[in-house]
There are 2 protein chains.
Amino acid sequence: MARPQRLPREELRQAILDAAQDILRDEGVDALTARAIAKRVGYTAASIYNVFESMSDLLIEVNRRTLTDLRLIFVDLPESAPPDVRLKELLRRYIAFMQRNPALWAALFGGTRKRESFPDWYTASVRFLLGQLRDMLREVTGETDDARAWAQAEQLYLAVHGAISLDLGRRLDLVTPQPLNHVTEAILDMMLARFRT
Amino acid sequence: MARPQRLPREELRQAILDAAQDILRDEGVDALTARAIAKRVGYTAASIYNVFESMSDLLIEVNRRTLTDLRLIFVDLPESAPPDVRLKELLRRYIAFMQRNPALWAALFGGTRKRESFPDWYTASVRFLLGQLRDMLREVTGETDDARAWAQAEQLYLAVHGAISLDLGRRLDLVTPQPLNHVTEAILDMMLARFRT
DNA sequence: AAATTTTGTTGAACAGTGTTCAATAATGGT
DNA sequence: ACCATTATTGAACACTGTTCAACAAAATTT
């Protein structure tokens, strides 16, 4: 059987990540197997390991793309609207992003990291997104203290994360009969009211 | 090879659940396999399926025990202390409970439910615990409106859940450099201050 | 007490997973 | 034309949840 070299290394790498994203979008995180990815790119499962250390490594690279894509929810927010309305719109976009693609969320936050910590760019990327949130929050609260501004952004995110995390795991209704949108908006309103003082 | 009947059905059932909890505590959620459980109880993997529909069903029964055990964090709270201190102690206990046994948390909240919803007793059990939290919160806030009291308890729990969920997934440091205790206490303080008005 | 039914237990198998590795084909350099 | 490097693969390994025919023990009926 012929085994021709088909793609330069970097192109194959990107093709694999494309396929992985497609599978996550179309079939969910459970369907993301080495053999399934390989099939989509016209290779064999073993080939994945020429390009990636492990499936866990591959997932991290998928997350890199997700984190990059997430930056888009900050662009083209309605300029004229008051800052709290823009915050609400941002929240709406974040939820929509994750609900449109729950498997990306599962890849980002699911699973249990063993020992290894995340690469530096990973932490930096998350921190960047959180910084954007902090800035928007600041426009509402007028908070001048840097540490407090960070803490407020972190607290807001943690609460929203808790709600979405339960929702995507189909467990939100264990905690509340309210739908996700309602819950997160209530959290936002509550925190804004608190932080403004 | 001899295949004697060893245990009455119900005893075997409990022995299996005991073994499952032991494995979760000692070796983590990844080590919880049908064969590992069977080995501990001196049976074969196939026997598990005489007693439980599936591993997923077995997990739900483990969670039943966890939810029952969780009720213990409410007992013997310092009676004399002011209600906000008791709330803080409760929070401390909840975190300790989950940190002492992260695999129980993973079983409770990890994984992705396919279609099936939870049994009724499952929802009721969670709701009961949340009701306890609502009552304690009420002692601090004096909130008279039932709906608002529920909403406050839900919001508090969601935020705490978000933080613990990230922490046990070794991802909290992506969001904040603060340790878990510090973050959750800050959230509690912030919400108490808000709800009290 | 003997025969029969019901129940409990198991070994072996199936299809699937991530991962490794020797063997082979294609490519690039001399 | 030869060689060295690189890319690709099939086959295997150890593992997973799950099923099922075969058999042993217990319970029931005769």
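## Where α1 meets α4 in chain A

In this predicted model, helix α1 (residues 9–27) and helix α4 (residues 55–70) of chain A have axes that come within 10 Å and cross at roughly 75°. Axes here are lines fitted to C-alpha atoms, for helices over the stretch in contact, with angles running from 0 to 180 degrees between N-to-C directions. Helices are DSSP runs (H or I, at least four residues), and strands are too (E, at least two), all numbered from the N terminus. So α1(A) and α4(A) sit roughly perpendicular to each other, a label that covers 65 to 115 degrees (under 35 is roughly parallel, over 145 roughly antiparallel, and the rest oblique).

As for who touches whom, α1(A) brings A:R13, A:Q14, A:I16, A:L17, A:D18, A:A20, A:Q21 and A:L24, while α4(A) answers with A:L58, A:E61, A:V62, A:R65 and A:D69. Contact just means heavy atoms within 4.5 Å. Sorted by class, that is six nonpolar, two polar and five charged residues. Ala, Val, Leu, Ile, Met, Phe, Trp, Tyr, Cys and Pro go down as nonpolar, Asp, Glu, Lys and Arg as charged, and the others, Gly among them, as polar.

## Chain A as a whole

Chain A has ten helices and zero strands. Its C-alpha trace spans about 70 × 35 × 35 Å along the principal axes.

## The interface between chains B and A

Chain B and chain A each put 45 residues into their contact. About 3,600 Å² gets buried between them, with carbon and sulfur atoms giving 62%; buried area is the accessible area (1.4 Å probe) that two parts lose on being put together, summed over both. On the chain B side, B:L158, B:R171 and B:L174 supply 21% of the area buried against chain A, more than any other three residues.

The salt-bridge count between the chains is zero, taking a salt bridge as a side-chain nitrogen of Lys or Arg within 4 Å of a carboxyl oxygen of Asp or Glu. On the side of chain B that touches chain A, α8(B) gives the most, with eleven residues. That side divides into 24 nonpolar, eleven polar and ten charged residues.

## α10 against α10

Helix α10 (residues 180–196) of chain A packs against α10(B) at about 90°, with the axes 10 Å apart, which makes the two roughly perpendicular. A:M190, A:M191, A:A193, A:R194 and A:F195 meet B:M190, B:M191, B:A193, B:R194 and B:F195. The tally is eight nonpolar, no polar and two charged residues.

## Ground rules

Residues are numbered from 1 along each chain as its sequence is written, and chains are lettered from A and ligands numbered from 1 in the order in which they are written. Local features need pLDDT of at least 70, side-chain atom pairs count only at pLDDT 80 or more, and totals for chains, interfaces and linings use all residues, while side-chain values use heavy atoms, leaving out hydrogens and water.
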